[in-house]
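This report looks at charged pairs and at nonpolar packing in a predicted model. Please have the sequence and the structure at hand while reading.

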Amino acid sequence: MKDKRKKAAALRYDKETDSAPKVVAKGSGIIADRIMELAKEHHIPIKEDSQLVEVLAQLDLYQEIPPELYRAVAEILAFIYRTTKQTQ
């Protein structure tokens, strides 16, 4: 049976220290709600992609995303760049 609770994952990427984005938070239910609340409080753009969250949720915390996810995450980073550029 598939879990229907809301899921969330947060990525961090520092081009100075990271070779790829890392999963820095993940969870479902109230943990997912808290991840979303914190993102909103800190004005971090949110991109909903349930399929990508399912994959990211399988990674360990602070694990760099694998190369097969680069394209999907690059699309999210482009979304964030466009979103933050529009609000500046």
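## A charged pair at Asp33

The closest N and O atoms of Lys6 and Asp33 are 3.0 Å apart. Because Lys6 lies in the segment before strand E1 (7-12) and Asp33 in helix H1 (residues 30-41), the pair ties together parts that are 27 residues apart in sequence.

## Other salt bridges

A search of the whole structure finds seven salt bridges. One of them joins the side chains of Glu54 and Lys7, with an N to O distance of 3.3 Å, and this pair links distant parts of the chain, since Glu54 belongs to helix H2 and Lys7 to strand E1, 47 residues apart. Glu54 is partly exposed at 28% relative accessible area, and Lys7 is also partly exposed, at 26%.

Within helix H3, Arg71 and Glu75 lie four residues apart, about one turn of the helix, and they form a salt bridge with the closest N and O atoms 3.7 Å apart. Arg71 counts as exposed at 67% relative accessibility, whereas Glu75 is partly exposed at 48%.

## Nonpolar core and ring contacts

The largest nonpolar core has nine residues, among them Val23, Leu59, Ile65 and Leu69; helix H2 (50-56) and helix H3 (70-87) are the elements that give two or more residues to this core. Leu59 touches Val23, Lys26, Ile65, Pro66 and Leu69, not counting residues up to four places away in sequence.

A search of the whole structure finds zero aromatic pairs, although Lys47 lies over the face of Phe79, at 5.4 Å from the ring centre.

Conventions: Residues are numbered from 1 along each chain as its sequence is written. This is a predicted model: local features need pLDDT of at least 70, side-chain atom pairs count only at pLDDT 80 or more; totals for chains, interfaces and linings use all residues. Side-chain values use heavy atoms; hydrogens and water are left out. A nonpolar core is a set of buried Ala, Val, Leu, Ile, Met, Phe, Trp, Tyr and Cys residues joined through side-chain atoms within 4.5 Å. Buried means under 20% relative accessible area, exposed over 50%, partly exposed in between (1.4 Å probe, protein chains only). Contact means heavy atoms within 4.5 Å. Rings of Phe, Tyr and Trp (its six-membered ring) pair if their centres lie within 6.5 Å; planes under 30 degrees apart count as stacked, over 60 as edge-to-face and the rest as tilted. A charge sits over a ring if NZ of Lys or CZ of Arg is within 6 Å of the ring centre and within 35 degrees of the ring normal. A salt bridge is a side-chain nitrogen of Lys or Arg within 4 Å of a carboxyl oxygen of Asp or Glu.
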